[in-house]
Amino acid sequence: MDWWIDHADVGSRFCFENAKAKEAFVVTCDSFGIPCRDG
């Protein structure tokens, strides 16, 4: 699996094993106006 979701106290975290998968996710979020942040 290249990615998974961890549930946090507030919201969810998207976790990626592959840097390219993470990059594609960030680009997709940006195209919808959804901010992504590391951490």
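This is a predicted model: local features need pLDDT of at least 70, side-chain atom pairs count only at pLDDT 80 or more; totals for chains, interfaces and linings use all residues.
Let me start with Ser31, which counts as exposed because its relative accessibility is 57%, where exposed means over 50% relative accessible area, buried under 20%, and partly exposed in between, with a 1.4 Å probe and protein chains only. Residues are numbered from 1 along each chain as its sequence is written, and side-chain values use heavy atoms, with hydrogens and water left out.

Ser31 belongs to helix H1, residues 19–31; helices (H or I, at least four residues) and strands (E, at least two) are DSSP runs, numbered from the N terminus. A polar atom of the Ser31 side chain lies 2.6 Å from the backbone oxygen of Thr28. Between the C-alpha atoms of Ser31 and Trp4, which are 27 residues apart along the chain, the separation is 21 Å.

Turning to the aromatic rings, what is the count of aromatic pairs? Rings of Phe, Tyr and Trp (its six-membered ring) pair if their centres lie within 6.5 Å, with planes under 30 degrees apart counted as stacked, over 60 as edge-to-face and the rest as tilted, and by this rule the count comes to 3 aromatic pairs. One of these is Trp3 with Phe14, which is tilted because the ring centres are 6.3 Å apart and the planes stand at 35 degrees. Since Trp3 lies in strand S1 (residues 3–7) and Phe14 in strand S2 (residues 12–16), the pair ties together parts that are 11 residues apart in sequence. Trp3, at 42% relative accessibility, is partly exposed, and Phe14, at 40%, is partly exposed. Phe16 and Phe25 also form a tilted pair, at 5.2 Å centre to centre and 50 degrees between the planes, and Phe25 is partly exposed with a relative accessible area of 27%. Trp3, Phe14, Phe16 and Phe25 form one aromatic cluster.

Finally, the cysteines: how many disulfides does the structure hold? With a disulfide taken as a pair of cysteine sulfur atoms within 2.5 Å, the structure holds 0. Cys29 is in no disulfide, the nearest cysteine sulfur being that of Cys36, 3.4 Å away, and for the sulfur of Cys36 this distance to Cys29 is too far for a bond. Are these residues buried or exposed, or in between? Cys29 counts as buried, at 10% relative accessibility, whereas Cys36 counts as partly exposed, at 35%.

Notes:
A polar contact is a pair of N or O atoms within 3.5 Å; within protein, one must be able to donate a hydrogen and the other to accept it, and residues adjacent in sequence count only if both atoms are side-chain atoms.
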